[in-house]
There are 2 protein chains.
Amino acid sequence: MRIEMLATGDELVSGVLADTNTTWFGGALFSLGERLARTTVIGDRLDDLVSALRELAARADLVVVSGGLGPTLDDLTVDGVCEAFDLQPVVDSEQLERIRARFHALGRTLTPNNERQARVPDGAEVLGNEYGTATAFALEVGEPHRTRPGTCELWFLPGVPTELQGIVGDRLLPRLRRRIEAEGVHRCAREVRCFGIPESHMDQAVVPLLAAHPHVRYGTRVPFPDAHVRLLAEGSTADEAQQRCDAIERDVRAALGDVVFGGEGETLAGATLAALRQRGWTVCFAESLTGGLASAALAAVPGASDVLLGSSVTYAESLKERWLDVPQDLLERHGAVSEACAVAMAEGALARSGADVAVSLTGFAGPDAGDDAHPRGTVFAAIAGGGGPTSVVRQRFLFGRNDVRRIAAHLALDLLRRRALGLRLPG
Amino acid sequence: MRIEMLATGDELVSGVLADTNTTWFGGALFSLGERLARTTVIGDRLDDLVSALRELAARADLVVVSGGLGPTLDDLTVDGVCEAFDLQPVVDSEQLERIRARFHALGRTLTPNNERQARVPDGAEVLGNEYGTATAFALEVGEPHRTRPGTCELWFLPGVPTELQGIVGDRLLPRLRRRIEAEGVHRCAREVRCFGIPESHMDQAVVPLLAAHPHVRYGTRVPFPDAHVRLLAEGSTADEAQQRCDAIERDVRAALGDVVFGGEGETLAGATLAALRQRGWTVCFAESLTGGLASAALAAVPGASDVLLGSSVTYAESLKERWLDVPQDLLERHGAVSEACAVAMAEGALARSGADVAVSLTGFAGPDAGDDAHPRGTVFAAIAGGGGPTSVVRQRFLFGRNDVRRIAAHLALDLLRRRALGLRLPG
C-alpha cells in the first residue's frame, strides 16, 4: 500500500511552524508495519493544492491531507478537492447542527464563516470531528484520475495536531489494521525506552537477538537524551503476533538491563516519580549548572507534589554556602565543580529539606572551556539518603551548553530511579 | 522564482524526527521576500529519490535538497542525482583532502565509507562544507529535464541543521539576494519580538500603520509564549529599503510599547539578563508551580552567572516555611496560591539570598481544577527589591499544565525586565 501525506498551510512553508503531524503519522504507521512513502507540504494557494491533490490521488493508495478546513477564506481544501476531482461542495446539515451545538456549549454564536466548516464535497464520506469544529471527510477517487490500478482513498483532516491525531487514531488506524488483518497478517508493536546508553551500544545489544526472532522488525529512535528500541512482530493471528512481541521484548529488556526505564509513552521523569512514590520517598534537589531543570522535569509530571519537595538552585557559590552549608574552604580547595562539592550539596539539601533522598548536580556546561581537570561538559551528580551511603557519579558529555544541562537533569532523575529500585549507579 | 525543498531521510518519514530545515528555510526566504512553494519529504529509497528529483527539476527554478550525503550505504543522494540526470559520480580530490584533514584534526582515521563523502556528480559545482564532513554541491539542470523555460538550480546539502543552515546562510542566501538585487529590487527584513500580548491585539495595533508604509509586507509568528512581528520593506536601492524598514519598525515599536523586548534572534531571557546586568543587579527566584523553570530559563543564557544567584524551588508548603520564612498561619489563612504567599516568597528569597531583586511564582498549573477563587491556570508573581516596593501580579492562563508553567516562567522574567528598565508592571 502506497501511503502519502499532504500537509497544507502557509504557516508550514513560511517559517512559522514545523509540521509535526507527519512525524507523528510516520510513527503510527510503523506500529502497523506500514510506511509513509512521501510527504508534500504546500502553502494556502488553490493552484498548488489542486495540482498536488491530482498528483497524489493518481499514484498513492491512501493519502492523509491536513489543514485548510478552517472558517477563513484561505481555508481552501473543500474548493481544491471539488476543482481537482470535478465535484460540487454541499453543506452537510448534520455537521452544521454539530457545529452549532458546539458553539452553543462554548457560549459563542455561529458566524457565517463558521458555516463554511460544514461544507464537504458531494459524495464524500463525512467523518465529523469529536475534537474540534472543522468537519473531516474521506473521499475515494478512481478513474480517470489514476495512473495505477485501483482507487485512492483520501482523508481530509484538520491541521491542529490534537484533532488530526485524534481522528486518525480513532478512525483511520483501526480501519487500516482491519484491512491488513483481512489479508491474514497480524502485527504487534512495542517500544523499549532507555536512558544512558549510546545508540550504537543499544544496536550492538539488540541485533544479535534478532536471529532467534525471525518475524520481528527492529528500529531505533534517539529523541535526546533518550534512546528507544522499536519492535514490530508479525503473525498469522493476533495472539501469535503478540506472543512474538512479548518474546522479543523480554529478550531486549534482558539484554539492555537496567538502562531500560519504560515502554511506549513513558518518560524517565514519570518512571522516576513512580519509583520514588512506590518507596514512599520524598525528594529534594540541589542544582548548580542545571539552574532548576532537574526539579522542573519532575514537576512536569502531573501529581508530582506528593514526592517533590523542591530544589535549592545554588548557581552562585555564595548560595552553596548559605543554603546548602557547603564549607567555604571546601569550595576554595576543590572548586564548585568537584566530587567534594557535589557530595556536600546533596547532603546539605537532604538536611535542609527533610526529604528522604536528595540529588545534587554541579558541572561546567560551557561555553567556557572549563579547566584541565574538569573540561567543558564535566558533570558531578551525588545522591544522599534513601537508605544508602552518599554516592557520586562523574560523567562527561560532549554536547553544547544547553544539551549538557538537559542531559545532566536526566542523570539526576536516573540516579533517583536507580536508588529507589535498588539498582547500581551508572559510570 | 519557484523555490522548492526536498528533504530526504527515513528518520523524517518514520516518526523519528521532524524536519526543521524546511521551517527554517521558509523563514529565511521570507527575509528575502521569496516564498517556499512546496516541500517534499521522502525516505531513503533510490526510486523515490530519482522520481522526486526529476519532478522538482522539471518544474522549479531553485531546489534545496537535504540529506543523503553521509558515509553509509543508505546515503543515496549522489547516486540518485546521477541516475536522474544521466551523470557519472566522481571523487573530488580537493574534498577528499579536506575530509582527510578534518579527520586528522579530530584524531580519527579515514575509513573507505568516509571516502564516499568526497563523491559528487560530474559537472557539479562543489560547495564543500565548513561545518561538517559531507560534501555539499550544486547542479544546474536544463533540457531535456524541464517542463518550463530556463534551468533549475539544485543545491544538495547535509541534513544536519547546523550544516545546512550554515551553508545556506553563507552561500545560497547571499547569491539569491544578489540575483534579486540585479533585478533592481532591494529588500530589508526585521523582527519585533513581544511578550504578553495576544496575536490578535498585536495585529490590531500594527495593521492601521501599514497604510502609511506602502512598500512594506507584514506577518506575525507566535512561537509560544512569544509574539513576533515580521516586517519586510522593499526599495529600489539598499538604502531606501533600509530606511523604509527603519521607519516601519519605529512605528511598530511605538504602537506596541513596552511589550516589545527585542528584535530578530533575541530572547526574553537574554533581554532580561541584559537589563539586569545594565543595572548591576543580582537576582534570585522563589518558585512553586514552575519547579525551577524561571531560574533555568535565565541560566540557559551563556554568561548568566554574574547576575543569577539561584532559586529557592519550594514546591512543598514545608519548604515555603523553612526556606523562605512564609509564616504557617499565612499559608493556613490564604493558601499557597495567593497574593500574600507570592509576596512573602519574594521577600523571603530577597532576604535569604542577598540578591538585589527577587521574583516569586505560585499558582495552579493543573490538571486539577483549582478552586473557585483561584481556578486552574491562576498564577501570582511578586517582585521584591530593585529599589521599588514589593508588587504582585495576578494572571490567568487558559493553557495545559506545562504551558501554564512555561508562560509563568516567562512572566517572572518579564517582571524583572520591566523593573530593571523602569517600566510599569503588566496586568
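**Across the interface and into the fold**

Analyst: Let's start with one pair: Arg2(B) and Asp48(A) form a salt bridge through their side chains, 3.7 Å from N to O. A salt bridge here is a side-chain nitrogen of Lys or Arg within 4 Å of a carboxyl oxygen of Asp or Glu. Before going on: this is a predicted model, where local features need pLDDT of at least 70, side-chain atom pairs count only at pLDDT 80 or more, and totals for chains, interfaces and linings use all residues. Residues are numbered from 1 along each chain as its sequence is written, chains are lettered from A and ligands numbered from 1 in the order in which they are written, and side-chain values use heavy atoms, with hydrogens and water left out.

User: How many salt bridges are there between chain B and chain A?

Analyst: Eight. The side of chain B that touches chain A has 27 nonpolar, 24 polar and 14 charged residues.

User: Which residues are linked in a network of salt bridges?

Analyst: The network links Arg2(A), Glu4(A), Arg35(A), Arg38(A) and Arg59(A) with Asp48(B) and Glu55(B).

User: And what area do chain B and chain A bury between them?

Analyst: About 4,700 Å², with 49% of it on carbon and sulfur atoms. Buried area is the accessible area (1.4 Å probe) that two parts lose on being put together, summed over both. In chain B, Arg38(B), Tyr315(B) and Trp323(B) lose the most area to chain A, together 13% of what that side buries.

User: How many residues does the contact take from chain B and from chain A?

Analyst: 65 from chain B and 64 from chain A, where contact means heavy atoms within 4.5 Å.

User: Which strands pair between chain A and chain B?

Analyst: Strand β2 (residues 36-42) of chain A pairs with strand β2 (residues 36-42) of chain B, antiparallel, over five bridges. Within that, Ile42(A) has Arg38(B) as its bridge partner. Strands pair if DSSP finds at least two bridges between them; helices (H or I, at least four residues) and strands (E, at least two) are DSSP runs, numbered from the N terminus.

User: OK, switching to the inside. Is β3(A) covered or exposed?

Analyst: Mostly covered: five of the five residues in strand β3 (residues 62-66) of chain A are buried. Buried means under 20% relative accessible area, exposed over 50%, partly exposed in between (1.4 Å probe, protein chains only).

User: Which way do the β3(A) residues point?

Analyst: Leu62(A), Val64(A) and Ser66(A) point one way, Val63(A) and Val65(A) the other. In a regular strand the side chains alternate between the two faces of the sheet.

User: What does β3(A) pair with?

Analyst: Strand β1 (residues 3-8) of chain A pairs with β3(A) in parallel over five bridges, and Glu4(A) has Val63(A) as its partner there. Strand β8 (residues 152-157) of chain A also pairs with β3(A) in parallel over five bridges, with Val64(A) bridged to Trp155(A).

User: Why does Ser66(A) count as buried?

Analyst: Because its relative accessibility is 2%. Leaving aside neighbours within four places in sequence, Ser66(A) is in contact with residues including Met5(A), Asn21(A), Leu157(A) and Leu164(A).

User: Back to salt bridges. What does Glu125(A) meet?

Analyst: Arg175(A), at 2.8 Å from N to O. Glu125(A) lies in strand β6 (residues 125-128) of chain A and Arg175(A) in helix α7 (residues 161-182) of chain A, so the pair ties together parts that are 50 residues apart in sequence.

User: And which residue does Arg187(B) form a salt bridge with?

Analyst: Glu34(B), with the closest N and O atoms 3.7 Å apart. Arg187(B) lies in strand β9 (residues 186-195) of chain B and Glu34(B) in the loop between α2 (21-32) and β2 of chain B, so the pair ties together parts that are 153 residues apart in sequence.

User: Are Arg187(B) and Glu34(B) buried or exposed?

Analyst: Both Arg187(B) and Glu34(B) are buried.

Note on methods:
Ala, Val, Leu, Ile, Met, Phe, Trp, Tyr, Cys and Pro count as nonpolar, Asp, Glu, Lys and Arg as charged, and the others, Gly among them, as polar.
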